[in-house]
Amino acid sequence: MKILIVSDTHKSHKNLETVLEREGRIDMLVHLGDAEGKEDYIGALVSCPFHVISGNNDFFSDLPREEEFFIGGYHVFITHGHYYYVGMSEERLKAEARGRGADIVMYGHTHRPALTVEDDLVVLNPGSIAYPRQEGRKPSYIIMCTDARGDAGFEIKFV
């Protein structure tokens with residue numbers, strides 16, 4: 001299974017369209033907030049399951065603030081992250097994810113890619129595919145793949 005994980009598109013979809021073309025067939029798209037009313041457009045770009053939650057710039061949105069679901073045997077918790085002060089540290093987010101029994105927590109908001117694999121939890125942020133803030137400012141996303149045994153792998157990629 002191949003999952004494309006993005007965040008913080010902020011109405012700018014050129015890089016997302018490029019990545020969808022580059023990556024080919026995907027089995028799921030996860031958008032971690034700040035779609036700014038363009039979630040229907042983003043969902044129409046793919047023909048697979050699509051998860052999207054609201055971010056701090058999704059004003060008047062009916063999108064859920066957080067979501068939990070399974071990818072194979074992995075319990076996944078997604079949130080934009082601003083309610084957990086991820087700009088300062090991941091500690092509150094990790095505590096919340098562990099309290100929910102999550103195996104993987106995905107967040108956005110910082111516009112900086114991050115991937116931490118701990119014994120009991122994977123914490124990831126794809127950065128922003130449209131407006132990056134990390135050193136070098138390269139738009140980024142994450143590909144999550146599960147193999148035939150169900151084991152997951154993660155790769156931060158750049159546009």
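Five strands form an open sheet of mixed pairing, in the order S4-S5-S6-S8-S7, where strands are DSSP runs (E) of at least two residues, helices are runs (H or I) of at least four, and both are numbered from the N terminus. Two strands are said to pair if DSSP finds at least two bridges between them. The edge strands, S4 (66-71) and S7 (113-117), each pair on one side only, and the twist averages 20° from one strand to the next; axes here are lines fitted to C-alpha atoms, for helices over the stretch in contact, with angles between N-to-C directions running from 0 to 180 degrees.

This is a predicted model, in which local features need pLDDT of at least 70 and side-chain atom pairs count only at pLDDT 80 or more, whereas totals for chains, interfaces and linings use all residues. Residues are numbered from 1 along each chain as its sequence is written, and side-chain values use heavy atoms, with hydrogens and water left out.

Within the sheet, S6 and S8 run parallel and are joined by three bridges, with methionine 106 standing opposite leucine 124 in S8. Helix H3 lies across S5, S6 and S8, and runs at about 140° to S5.

Methionine 106, together with Ile5 and Val30, touches the most other members of the largest nonpolar core, which has 17 residues. Such a core is a set of buried Ala, Val, Leu, Ile, Met, Phe, Trp, Tyr and Cys residues joined through side-chain atoms within 4.5 Å; buried means under 20% relative accessible area, exposed over 50%, and partly exposed in between (1.4 Å probe, protein chains only). A second, separate core of 14 residues includes Leu4, Leu20, Ile26 and Ile42.

Contacts (heavy atoms within 4.5 Å) of methionine 106 include Ile5, Val30, Ile71, Phe77 and Met144, neighbours within four places in sequence being left aside. Threonine 146, in strand S9, is buried with a relative accessible area of 17%, and touches Met1, Ile71, Asp151 and Ala152, again not counting residues up to four places away.

The buried residues of helix H1 are Asn15, Leu16, Val19, Leu20 and Glu23. Seen down the axis of H1, they fall within an arc of 140° and so line one face of the helix, the arc being that of the directions from the helix axis to the C-beta atoms. The face turned away carries the exposed residues Lys14 and Glu21, and H1 is followed by glycine 24, whose phi is positive, near 75°.

The partners against which the buried residues of H1 pack are tabulated below.

| Partner | Residues |
|---|---|
| Strand S1 | residues 2-6 |
| Helix H2 | residues 39-44 |
| Strand S9 | residues 140-146 |
| Strand S10 | residues 152-158 |
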